[in-house]
Amino acid sequence: MENGTSPLYPVFLELRERLCVVVGGGKVAGRKALGLSRSRALVKVVSPEIDPALESLAAENVESVGIERRKYEAGDLAEATLAFAATDRREVNAAVVREANERGIPVNVADRPSDGDFALPSTLRRGGLQVAVSTGGASPTLARQIRQELEPYFGPEWSGVVSELEEARREGRATDEELERTVRRCLSLLSG
């Protein structure tokens with residue numbers, strides 16, 4: 001790659017009921033916690049100050065989103081599957097990265113993706129359909145703009161399409177060839 005970093009490997013993770021720790025309590029941390037919550041992860045947020053939107057998310061999801069109002073401490077990542085360093089303090093983010101590395105936990109650093117192990121894409125969601133756009137952390141703004149350009153092509157009806165295909169596949173009602181024809185028909189709608 002031009003900037004000397006390795007290309008990232010795209011992956012969608014199953015995080016249902018797995019602990020993910022977000023260190024930070026601002027708007028960025030709130031977006032991370034919301035995405036994790038939507039994936040049915042168990043989210044632990046550690047921060048002395050909490051944004052009102054993040055507070056509301058925790059109140060609406062008491063079973064899966066917990067807030068610990070305090071400063072980050074070594075050991076906060078114990079049992080975590082993923083870690084997110086989302087504070088405005090470089091030394092705190094660096095400490096989160098060190099602990100994550102020691103424990104073998106993939107970590108995302110919100111303001112410096114190159115300091116972590118993964119970058120989050122800008123994601124368009126329509127039920128089971130997810131279209132992810134990434135610049136590898138180089139320009140989240142560009143990724144978001146491209147995702148926004150794609151939104152009109154993937155309206156709400158796509159969530160129904162994905163559900164129907166999943167059900168037909170699971171129940172064995174359709175052959176692979178029939179499913180392939182249905183997918184091609186759906187994709188032809190994109191070109192107009």
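Where is Ser 64 found? In this predicted model, Ser 64 sits in the loop between helix H2 (52–60) and S3.

## About the model

Residues are numbered from 1 along each chain as its sequence is written, and side-chain values use heavy atoms, with hydrogens and water left out. Because the model is predicted, local features need pLDDT of at least 70 and side-chain atom pairs count only at pLDDT 80 or more, while totals for chains, interfaces and linings use all residues.

## The chain as a whole

Let us start with the overall layout. The chain has six helices and seven strands, in the sequence pattern β-α-β-α-β-β-α-β-β-β-α-α-α. Helices (H or I, at least four residues) and strands (E, at least two) are DSSP runs, numbered from the N terminus. Along its principal axes, the C-alpha trace spans about 55 × 45 × 30 Å.

Of the 192 residues in the chain, 33% are buried; buried means under 20% relative accessible area, exposed over 50% and partly exposed in between, with a 1.4 Å probe and protein chains only. Among contacts (heavy atoms within 4.5 Å) with a separation of 6 or more, 47% come from residues 24 or more positions apart.

## The sheet

Five strands form an open sheet with parallel pairing, in the order S3-S2-S1-S4-S5. Strand S3 (65–68) and strand S5 (107–109) are the edge strands, each pairing on one side only. On average, neighbouring strands of this sheet are turned by 15 degrees against each other, direction ignored. Two strands count as paired if DSSP finds at least two bridges between them; strand S1 (residues 19–23) and strand S2 (residues 42–46) have five bridges, in the parallel sense. Here Leu 19 stands opposite Leu 42 in S2.

## Helices on the sheet

Helix H1 (residues 27–38) packs on the sheet and touches S1, S2, S3, strand S4 (82–85) and S5. The direction of H1 makes about 170 degrees with that of S1. Helix H3 (residues 90–103) lies across S1, S4 and S5, and runs at about 165 degrees to S5. For these angles, axes are lines fitted to C-alpha atoms, for helices over the stretch in contact, and values run from 0 to 180 degrees between N-to-C directions.

## Back to Ser 64

Why does Ser 64 count as buried? Ser 64 does so because its relative accessibility is 19%. Leaving aside neighbours within four places in sequence, Ser 64 is in contact with Ser 37, Ala 41, Leu 42 and Val 43. Ser 64 and Glu 17 are 47 residues apart in sequence, and 8.0 Å apart in space, C-alpha to C-alpha.
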